[in-house]
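Subject: Structure handover

Hello,

Here is the structure I said I would pass on. My notes on it follow below.

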Amino acid sequence: AVSAAHLLAELYCMLLLPVLLFMGASWPLAITSTLFAVHLIVSMVTDARHFLLDHENTFVLIALAALKVFLDDEPALGHALTGVGVLLFFGAAYLLYRRLGRAGLGAGDILYSAAVGSITGFPECLPVFGAAGLMAALYSWIQSRGSAPAPFGACLGAATLAWLFLHPFLPSS
């Protein structure tokens, strides 16, 4: 039996490629973005089930993000700098949490977030990370009134999937 979540993931990926092509993306860019979405889904499932992001898949996401930035018509430097900025921000948050002796983001979340930052660029990364934070907070609140850990990677993946699908329809700045 195929689960509803599996079917939804398959339908999403099946629709993303033609939507991107219809909205004017080149074949290499549309395929790269769709493969990025597939690997986001793998990360989401892994994080939701085990509260971890496997490094192998995260490095595939980083490579696909770099390829998308290279293939995209948008300025590559801005997207690369956004990825580095996100990496530094989440790296600092990780070190602060560890210094305070608190659990929080893992090292996989830092690299994963950098890939998402590179894909979305600035300022588009702001609503993506904001939506992910809201989903994580809502998850934690529903589970135990705010004290349960949330799979941030799964929440960030869901927000990024929404952005990948909706981005072609948004007015360009």
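**Second largest pocket**

Please keep in mind that this is a predicted model. The second largest pocket has a lining of 15 residues, and those nearest its centre are Ala 5, His 6, Ala 9, Ile 41 and Val 45. The space in this pocket comes to about 460 Å³. Two helices, α1 (4–22) and α2 (27–50), each contribute at least two residues to the lining. Of the elements involved, α1 gives the most, with 7 residues. By type, the lining of this pocket consists of 11 nonpolar, 2 polar and 2 charged residues.

**Nonpolar core**

The largest nonpolar core holds 38 residues, and the members that touch the most others are Tyr 12, Phe 36, Leu 40, Phe 129, Phe 152, Leu 156 and Leu 164. Two or more residues of this core come from each of α1, α2, α3 (55–71), α4 (76–99), α5 (107–120), α6 (125–144) and α7 (152–166). The largest share is that of α7, at 8 residues. In soluble globular proteins, nonpolar side chains tend to be buried together.

Which residues does Phe 129 contact, leaving aside neighbours within four places in sequence? They are Val 86, Phe 90, Ser 113, Val 116, Gly 117, Phe 152 and Leu 156. Two of these contacts, Phe 152 and Leu 156, are also listed among the core members that touch the most others.

**Packing of α1 and α7**

Two packed helices are described by the angle between their axes and the distance between the axes. For α1 and α7, the axes cross at roughly 35 degrees and come within 9 Å. On the α1 side the contact is made by Tyr 12, Leu 15, Leu 16, Val 19 and Leu 20, and on the α7 side by Leu 161, Leu 164 and Phe 165. The contact of α1 with α7 has 8 nonpolar residues, no polar and no charged.

Asp 47 is located in helix α2. Its relative accessibility is 3%, so Asp 47 counts as buried, the cut-off being under 20%. Not counting residues up to four places away in sequence, Asp 47 touches Leu 52, Leu 53, Pro 151, Phe 152, Gly 153 and Ala 154.

Lys 68 belongs to helix α3. Is Lys 68 buried or exposed? Lys 68 is buried, because its relative accessibility is 7%. Apart from neighbours within four places in sequence, Lys 68 is in contact with Leu 29, Thr 32, Ser 33 and Ile 119.

**Backbone points to check**

Most residues other than glycine have a negative phi, and most peptide bonds are trans. There is one departure of each kind to report.

Phe 51, in the loop between α2 and α3, has a positive phi, near 55 degrees, although this residue is not glycine. With a relative accessible area of 40%, Phe 51 is partly exposed.

The other concerns the peptide bond from Phe 122 to Pro 123, which is cis, with omega near 10 degrees. Pro 123 sits in the loop between α5 and α6.

Regards

Notes: Residues numbered from 1 in each chain as written. Predicted model: local features only at pLDDT ≥ 70, side-chain atom pairs only at ≥ 80, totals over all residues. Heavy atoms only, no water. 1 Å grid on protein atoms, 1.4 Å probe; cavity = no way out; pocket = protein on both sides within 12 Å on 5 of 7 lines; lining within 4 Å. Points joined across faces, edges and corners; volume = space filled by probe spheres on them. Helix = DSSP H or I, 4+ residues; strand = E, 2+ residues; numbered from the N terminus. Nonpolar A, V, L, I, M, F, W, Y, C, P; charged D, E, K, R; others polar. Buried < 20%, exposed > 50% of the residue type's maximum accessible area, 1.4 Å probe, protein only. Contact = heavy atoms within 4.5 Å. Core = buried A, V, L, I, M, F, W, Y, C linked by side-chain atoms within 4.5 Å. Axes fitted to C-alpha atoms, helices over the stretch in contact; angles between N-to-C directions.
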